[in-house]
Amino acid sequence: MSKVLIIGAGGVANVVAKKCAQNSADYSELLIATRTKSKADKIASSITNIPVSTAKVDADDPKEVAAIIRDFKPKLVMNIALPYQDLSIMDACLETGVDYLDTANYEPKDVAHFEYSWQWAYQERFKKTGIMALLGSGFDPGQTNVYTAWLKKHHFDRMDTLDIVDCNNGDHGKAFATNFNPEINIREITQNGRYWQDGKWVETSPLEIKADIAYPEVQVRGSYVLFHEELESLVKNFPELKRARFWMTFGDNYIKHLTVLQNVGMTRIDPVKFNGVDIIPLEFLKALLPAPDSLGEGYSGLTCIGCQVVGEKDGKPKTAFVYNVCDHAKCFAETGGQAISYTTAVPAMLGGALMLRGTWKKAGVVNMEEMDPDPFMNEIGKWGLPWKLLEGDAAKLV
Ligand SMILES: NC(=O)c1ccc[n+]([C@@H]2O[C@H](COP(=O)([O-])OP(=O)(O)OC[C@H]3O[C@@H](n4cnc5c(N)ncnc54)[C@H](OP(=O)(O)O)[C@@H]3O)[C@@H](O)[C@H]2O)c1
């Protein structure tokens with residue numbers, strides 16, 4: 001039973017707090033600290049079975065975060081704010097000697113580029129302090145890393161190719177909206193694509209490679225290769241992989257809106273003078289778009305996210321696909337959040353719980369696939385994200 005500090009109070013943090021409260025055997029008390037305290041208050045008011053307090057914090061400032069940690073004395077800090085805050089919160093954890101968890105890797109605000117190097121550079125300091133940083137404990141990254149580690153542990157002697165496929169077949173009824181923070185989401189999608197092939201990265205134009213993928217229990221959807229952060233740690237931790245790709249579905253309507261926004265300069269992240277004031281077009285666009293935590297009501301349809309591996313077991317070629325299907329409407333009924341928030345939040349809660357119990361324990365900075373996948377795979381279904389395994393021809397999606 002442990003006290004835990006959650007930083008952030010957006011779409012994902014709302015579901016994280018509610019799932020932590022459902023797991024009161026591991027989470028005995030929460031403090032939700034964020035930039036806009038009223039949002040944390042709203043989440044806290046809906047939880048009654050464990051004590052939840054709230055605070056205002058600017059998580060860009062490690063001193064402010066460290067002060068809150070010293071005062072509340074949590075066993076774990078969950079960074080459910082934005083990737084921009086990863087390093088400042090890790091600094092605060094180092095200063096106070098408390099474990100850290102996040103769901104997305106660091107990216108600097110002024111460059112649309114994300115990679116693990118900045119956080120991996122904390123390895124020695126976390127080891128020396130004897131604390132753990134669990135990186136990317138969401139669905140993708142997160143559950144997809146665990147799926148890959150589990151397939152390797154139980155189903156493959158050698159993995160040759162990995163294809164992570166992410167389908168959102170839901171409909172939120174809005175002309176254009178992003179399912180998680182619009183700024184982070186649009187920066188990710190408008191970058192060049194990248195995949196791993198024979199020991200090096202192959203770069204593509206944004207959304208250059210497309211394939212129709214038949215998602216089990218959902219439908220055939222046009223899917224695009226893009227760079228996703230778990231590829232970086234997975235090819236490092238499973239160097240046998242000859243190829244690793246990440247696919248995501250985008251509807252024609254989404255791409256049409258995004259293309260227009262890009263063409264008119266609304267996705268730019270450099271300052272533009274407007275009426276004598278510097279504005280960042282993408283930050284302004286975020287202010288106009290629906291917030292991710294407002295999308296849940298009326299959102300219908302399913303998501304399907306999973307990992308397909310082709311390789312060898314007992315001297316024979318093998319293909320396997322492990323996946324989860326999640327229903328937007330059911331997520332909303334349970335937590336008030338849509339399925340993207342939900343599929344991110346449940347692995348965050350369980351990753352945190354395994355750390356609190358000491359089941360996942362290692363001083364240093366670790367990605368999810370470095371931990372034993374079995375305790376996670378045994379329990380994740382119980383918390384709302386059950387998985388299924390397909391083998392042979394049924395597992396060949398792409
Ligand atoms: N691994 C995965 O599968 C996965 C999937 C989706 C999302 N994610 C990640 O999940 C995280 C949360 O996404 P979301 O959809 O919940 O975003 P969101 O709705 O925009 O929420 C972000 C929250 O962070 C707060 N925040 C931002 N800057 C802050 C600062 N300097 N100090 C304190 N609080 C700050 C925001 O405060 P305000 O309310 O004041 O804006 C907001 O409450 C993001 O890092 C995203 O990349 C991971």
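Helices α1 (11–22) and α13 (339–357) each supply at least two residues of the shell around the ligand. Helices here are DSSP runs of H or I with at least four residues, strands are runs of E with at least two, and both are numbered from the N terminus. The model is predicted: local features need pLDDT of at least 70, side-chain atom pairs count only at pLDDT 80 or more, and totals for chains, interfaces and linings use all residues. Residues are numbered from 1 along each chain as its sequence is written.

The ligand is surrounded by 35 residues. The closest are G10, V12, A59, G138 and F180. Helix α1 gives the most to this shell, with 3 residues. By class, the shell has 17 nonpolar, 12 polar and 6 charged residues. Ala, Val, Leu, Ile, Met, Phe, Trp, Tyr, Cys and Pro count as nonpolar; Asp, Glu, Lys and Arg count as charged; the others, Gly among them, count as polar.

The ligand shell draws at least three residues from each domain.

The largest nonpolar core has 114 residues. Such a core is a set of buried Ala, Val, Leu, Ile, Met, Phe, Trp, Tyr and Cys residues joined through C-beta atoms within 7 Å. A residue is buried if 20 or more other C-beta atoms lie within 10 Å of its own, exposed if 12 or fewer, and partly exposed in between. I6, I7, V16, I32 and M78 touch the most other members. Helix α13 gives the most to this core, with 12 residues. Leaving aside neighbours within four places in sequence, I6 is in contact with residues including A13, V16, L30 and M78.

Helix α3 (residues 62–72) has V65, I68 and I69 buried. Its buried residues fall within an arc of 100° seen down the axis, so they line one face. The arc is that of the directions from the helix axis to the C-beta atoms. The face turned away from the buried side carries exposed K63, R70 and D71. What covers the buried residues of α3 includes β1 (2–7), β2 (27–34) and α4 (86–96). K73 follows α3, with a positive phi near 55°.

How values were computed: Contact = placed C-beta atoms within 7 Å. Near = placed C-beta within 6 Å. Domains from an automatic or database assignment.
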